[in-house]
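Please keep the sequence and the structure in view while reading.

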Amino acid sequence: MENVANSPKTPSAIAFMKMHGAGNDFVIIDSRGRDAVVTAKLAQALGDRHRGTGFDQLAEIRDSQTADFALDFWNSDGSRAEACGNATRCVANYMMHDLGRDALTLITKRGLLRAARQTDGRVSVNMGHPQLDWSEIPLSHATDTLHLPLAGDPTAVGIGNPHCVFFVADADSIDLAALGPGLEHHPLFPQRTNVEWAQLIAPDHLRMRVWERGAGITLACGSGTCATVVAAHLRGLTGRAVTVEADGGTLHVDWRDDGVWLTGPTAHIFDGTLTPAFLAAL
Ligand SMILES: N[C@H](CCC[C@H](N)C(=O)O)C(=O)O
């Protein structure tokens, strides 16, 4: 694996930003105008909440030929993620300020995404069309994704990344730490999965809690919120526009003809610099 500290092109100190969206927290590294600096090793070391900065996801901003910018995501265990709705919203807000715009496009592994700032300051991103076929999510074999062959009758939905959504009577009583790891690593999900537990409050209102692949318990998950509303609508529980109460805040999803729009708050908390000593120890 590439060693960041030994790469001649890598800066000896790396600037970063700390942001969160509904308590889903991120470290952002802006690598526009230079080579990428993030490796799995850096993500893992920095993701340590005691010896690094801690984060749910690390995102690296890259130059793009086809969109305003590109975005790559890592989980705190060092694994890559194809999509991250809340980090996308946070970075989009930063980039809209940077570029003096109120709408832009970006490229992720998910594809070309559009983001926009609302008049109330919340930031929206179109996360694209959901993946509902077992091979796209992906699952290990052909099966009905609306009713997975698992206890609790969950639904699988892809938002670029895999999600397994349970509908429960009381989301607050779910022991995330006890149930999350077994489901994340269940053989039905060859690329592991994010797991959501949703409770119906009204046809336009859900309570949702999450166990994220590669990050564990988080206070919110944007792609998970999108997957939950898609699953809830397909199962006849809600409409297509739903407010979702996560542990860390409120998000809104609107599944429109042009894709699943995710809207919510963003916050830029502080900026810092990774020291040469931290980078050399990787
Ligand atoms: N927090 C993110 C999801 C990260 C996804 C990641 N845990 C994975 O798919 O491995 C979000 O707002 O969508």
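**The annotated cysteines**

C84 counts as buried because 34 C-beta neighbours lie inside 10 Å; a residue is buried if 20 or more other C-beta atoms lie within 10 Å of its own, exposed if 12 or fewer, and partly exposed in between, with C-beta atoms placed from the backbone. The model is a predicted one, in which local features need pLDDT of at least 70, side-chain atom pairs count only at pLDDT 80 or more, and totals for chains, interfaces and linings use all residues. Residues are numbered from 1 along each chain as its sequence is written.

C84 is placed in the loop between strand 5 (80–81) and helix 2; helices (H or I, at least four residues) and strands (E, at least two) are DSSP runs, numbered from the N terminus. Apart from neighbours within four places in sequence, C84 is in contact with Q57, A59, F73, G222 and S223, where contact requires C-beta atoms, placed from the backbone, to lie within 7 Å.

UniProt lists C84 and C221 for "active site" in an unreviewed entry. They span 138 residues in sequence, yet no two of their C-alpha atoms are more than 7.7 Å apart, so they gather at one spot. UniProt positions follow the numbering used here, feature names are shortened, and annotations may be inferred rather than shown by experiment. C221 lies in the loop between strand 13 and helix 4 and is buried, with 35 other C-beta atoms within 10 Å. Not counting residues up to four places away in sequence, C221 touches N24, N194, V210 and E212.

N24 and N194 are among the positions that the unreviewed UniProt entry gives as "binding site". N24 belongs to strand 2 (residues 24–30) and is buried, with 32 other C-beta atoms within 10 Å. Beyond four places in sequence, the contacts of N24 include D56, N86, C221 and G222. N194 is found in strand 11 (residues 194–202) and counts as buried, with 29 C-beta neighbours inside 10 Å. With residues up to four places away in sequence left out, N194 touches N161, E212, R213 and C221, among others.

How do these positions relate to the domains? The domain assignment, whose bounds come from an automatic or database source, gives domain 1 (4–127 + 266–280) and domain 2 (155–257). The C-alpha centres of the two domains lie 23 Å apart, and their contact takes 20 residues from domain 1 and 21 residues from domain 2. On the side of domain 1 that touches domain 2, helix 2 (residues 85–99) gives the largest share, three residues.

Both domains give residues to the shell around the ligand, so it lies between them. Of the 18 residues around the ligand, A81, N86, N161, G222 and S223 come nearest; a residue is near a molecule or strand if its C-beta atom, placed from the backbone, lies within 6 Å of it. Helix 2 and helix 4 (222–234) each supply at least two residues of this shell.

Helix 3 (residues 176–184) has the buried residues G180, L183 and E184. Seen down the axis of helix 3, these fall within an arc of 95°, so they line one face of the helix; the arc is that of the directions from the helix axis to the C-beta atoms. They pack against strand 10 (162–167), strand 11, strand 12 (205–212) and strand 13 (216–218). The face of helix 3 turned away from its buried side carries the exposed residues A178 and G182.

Definitions and conventions: Two residues are in contact if their C-beta atoms, placed from the backbone, lie within 7 Å.
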